[in-house]
Amino acid sequence: MLAAAYGEALARWSNQTALAINLTMFDRQPCHPHINCVAADFASILLLGYQQSEESHYLSVAERLQRQEGAALAQREVSGIWVLREQARQKGQAMATMPVVFTSVIGLDKDASLDLSAAFPPQVYAITQTPQVWLDAKVSESRGRLMLDWNAIEALFPANMIDTMFASYCQLVEQLAARDWRQPITLPLPEEQQQKRQRINQTDHQFPNAQPHYLRFFAQANLHPQVTALIWRRDGQMDYDTLAHQALRVAGYIRQQGIRPGDRVAITHAKGPQQIVAVLGVLPAGGCYVPSGIALPEVRRAVVYRDAGVRLVLTDDHSLHQLGWPQGSKVVALSEALTAPALSEPVIQAAEAEKYIIFTSGSTGTPKGVAVRHIAVANTVDAGAELFGISAEDRSITLSALDFDLSAYDIFTFLGRGGSLVVVDEAERRDAAAWVHLINHWQVSIISAVPALVEMITVAAHRADQPTAISDGGGRPRNASVAVRVVEPRAAAALCGTGGNDGSRHSLNLL
């Protein structure tokens, strides 16, 4: 029973359903009448495979482990030590280890047990240390009480992990001592971890400012019109006032075309500062933007336009004449939209209104559009800004494509706070060396990117003799998107955040 409870604790904390327990065996065989008079180490090991409980009650788990142990004892002439040596030999290793041990002296003769006589004072401290053993769980009986004792090399485990595992193990043993074993196994997490998970999973939290970020941008333009908003190449710059005025011109054109609040406007525009103008032009007209890259095949863009119900497509002059356009699509160049009279003020959209629609890659079938609301983006952006301490003093770079939703984080985090954006143009879209130059030349302080792009920056920086030190704070690789804060001109620290993924997972997670 105690070994099975140990297996359950190990399975929970290792996140493994199957694992090996190294069982200490006292194997003093009756090979001589006076064998009990021999002072020697008769300990050996027995390797047991433990499968995490799937049964409906605990008794079946303990019985299954007992049957397995009985079968192994019947073949104990083949010791666990021999098995480990053979495993190492066959794999060409110096040695093989099973470093998690269970030692029980319950049921041994009194002279062989670890119990002390009543003449000894109570035990205060004891430890066992065995080479190649990381964790040894000992169970014994002393003065009518069950003793549970774990010895571990704590440096091998995260801080406090062994203590919390042991507390949970003891709690399970206490449950088993007080209840019918024909009940399901319940191994609760420690109270502190339960409270932490409850706090983290309270995703109904709304940040104080639920105002859509495009409105925050226009507020920044009114407060600080001369502050630089967009930067590109070596000397391209656009201040907040100019960007806001161009965006309202585009919004005015869109309204002239009959676009009303909630209508979808596609943006199929080359990467660059004017692409940002297009985004900020659709929203104050009351529209929902639908990004669809210029590199996509016409048939794919046709699916996006059709399924999203796009009423208008904004593009650049070159793409207007070079790309094929689906029949029936109303396509206009942004340069034409910029000739229209500007709206006097942006349309105020509700927090629950759709901000943009992003389509999945379609790698598992037909691409699917996910409508993302203003409030979802606001929660994501504000959570990231709070986590990373982003302010108006920060500057970022637009590495992500517009049809990848991390671009929304780039645009609205910084322009909604009075910061600035270094804009990668179409010619630099795949050029990591150009990114490194822009980062250094314009003193970028924050980079939000998926790990593959961060790796490209790192490689390019080293090739350019501008080494970039990147870490998530724990030395572990991550699959989520990351925000990288540049802390020195030649070094950066990467902080892991809630990652963007197909279908705007990073926004939906905070709904």
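A: Of the 511 residues in the protein chain, 45% are buried (under 20% relative accessible area, with a 1.4 Å probe and protein chains only). The model is predicted, so to speak of local features requires pLDDT of at least 70 and side-chain atom pairs count only at pLDDT 80 or more, whereas totals for chains, interfaces and linings use all residues. Residues are numbered from 1 along each chain as its sequence is written, and side-chain values use heavy atoms, with hydrogens and water left out.

The chain has 16 helices and 18 strands, which are DSSP runs numbered from the N terminus (helices H or I, at least four residues; strands E, at least two). The largest nonpolar core contains 57 residues, a core being a set of buried Ala, Val, Leu, Ile, Met, Phe, Trp, Tyr and Cys residues joined through side-chain atoms within 4.5 Å. Leu230, Leu243, Ile254, Tyr289, Leu314, Phe412 and Leu415 are the residues with the most contacts inside this core, and helix α7, spanning residues 240-256, gives the most to it, with nine residues.

Leu314 shows what such a position touches: once its neighbours within four places in sequence are left aside, its contacts (heavy atoms within 4.5 Å) include Val250, Ile254, Val265, Ala266 and Ile267, and also Thr268, His269, Ala278, Val282, Val332 and Leu334. For the protein chain as a whole, 67% of the contacts with a separation of 6 or more join residues 24 or more positions apart.

Key. Buried < 20%, exposed > 50% of the residue type's maximum accessible area, 1.4 Å probe, protein only.
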